[in-house]
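Here is a short briefing to read beside the structure. Keep the 3D view open as you go.

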Amino acid sequence: MTFHLSDTTYGTDTPEAKQAMYADLRSQLTGLVHGETDWIANTANFSSLVFNTMPGLNWAGFYFLKTRDELVLGPFQGKPACIRIKRGRGVCGTTVEKGEAIVVADVHAFPGHIACDVNSRSELVVPLFSKGEIIGVFDLDSPLPNRFDAVDAEGIGSLVKILEQTLED
């Protein structure tokens, strides 16, 4: 399988436009990670693909559980970020606690939000699993309020599932 990066400019103004973008991203990601099992390489390319393809982002990256109670920064695209986040703290730590995606329309309204970039206004965090256990999160930030919705949570979730399969190979 070969990888081809699309130069399409995606729209995010309708659910249909978002669904088309995620279908294209799934195809691109499948080609990008095909046959590769290195977790750092795959998460680095995953972050880059999403950050450089999706409109309206100012950060895209991973945090991994290094202990039961602490996430540590992994591969990302964007400004420098917080290195360690306690379980249950901020959107990332809360996602670990809940084990499900969290969409935050306005980060200023989220109790305990951690502001690594003061320009971030909305956030989407999706959990990563291996063998049924949460191992980290994929975090997206946007300078736009209400940038993310349930369609984005489902779309990013579908990309994360492709990535998770590289752990099983």
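Which residue of strand 3 is the bridge partner of L71? It is I85. Keep in mind that this is a predicted model. The briefing starts with the sheet, then turns to the helices.

- Six strands form an open sheet in the order 3-2-1-6-5-4. The pairing is antiparallel.
- Strand 3 (84-86) and strand 4 (102-104) are the edge strands. Each of them pairs on one side only.
- On average, neighbouring strands are turned by 25 degrees against each other, direction ignored.
- Strand 2 (residues 70-78) runs antiparallel to strand 3, and three bridges join them.
- Strands of a sheet pair through backbone hydrogen bonds, either parallel or antiparallel.

**Strand 6 and its partners**
- Strand 6 covers residues 133-142, and eight of its 10 residues are buried. Strand 6 is therefore largely enclosed by the rest of the structure.
- Strand 1 (residues 59-67) pairs with strand 6 in the antiparallel sense, over six bridges. Here F62 stands opposite F138 of strand 6.
- Strand 5 (residues 122-130) is also antiparallel to strand 6, with nine bridges between them. Here F129 stands opposite I134 of strand 6.
- Strand 5 and strand 6 form a hairpin with two residues between the strands. In this hairpin, K131 takes a positive phi near 55 degrees.

**Two packed helices**
- Two packed helices are described by the angle between their axes and the distance between the axes.
- Helix 1 (residues 15-33) and helix 2 (residues 39-53) pack at an angle of about 150 degrees. Their axes are 11 Å apart.
- Angles over 145 degrees count as roughly antiparallel, so helix 1 is roughly antiparallel to helix 2.
- The crossing of helix 1 and helix 2 is right-handed.
- Helix 1 brings L25, Q28, L29, L32 and V33 to the contact. Helix 2 brings N42, N45, F46, L49 and T53.
- The residues of this contact are six nonpolar, four polar and no charged.

**A buried threonine**
- T94 lies in helix 3 (residues 90-98).
- Is T94 buried or exposed? Its relative accessible area is 15%, so T94 is buried; the cut-off is under 20%.
- Leaving aside neighbours within four places in sequence, T94 is in contact with G88, R89, I102 and F110.

How values were computed
Residues are numbered from 1 along each chain as its sequence is written. This is a predicted model: local features need pLDDT of at least 70, side-chain atom pairs count only at pLDDT 80 or more; totals for chains, interfaces and linings use all residues. Side-chain values use heavy atoms; hydrogens and water are left out. Axes are lines fitted to C-alpha atoms, for helices over the stretch in contact, and angles run from 0 to 180 degrees between N-to-C directions. Helices (H or I, at least four residues) and strands (E, at least two) are DSSP runs, numbered from the N terminus. Angles under 35 degrees count as roughly parallel, over 145 as roughly antiparallel, 65 to 115 as roughly perpendicular and the rest as oblique. A crossing is left-handed if the near helix is turned anticlockwise from the far one by less than a right angle, and right-handed if clockwise. Contact means heavy atoms within 4.5 Å. Ala, Val, Leu, Ile, Met, Phe, Trp, Tyr, Cys and Pro count as nonpolar, Asp, Glu, Lys and Arg as charged, and the others, Gly among them, as polar. Buried means under 20% relative accessible area, exposed over 50%, partly exposed in between (1.4 Å probe, protein chains only). Two strands pair if DSSP finds at least two bridges between them.
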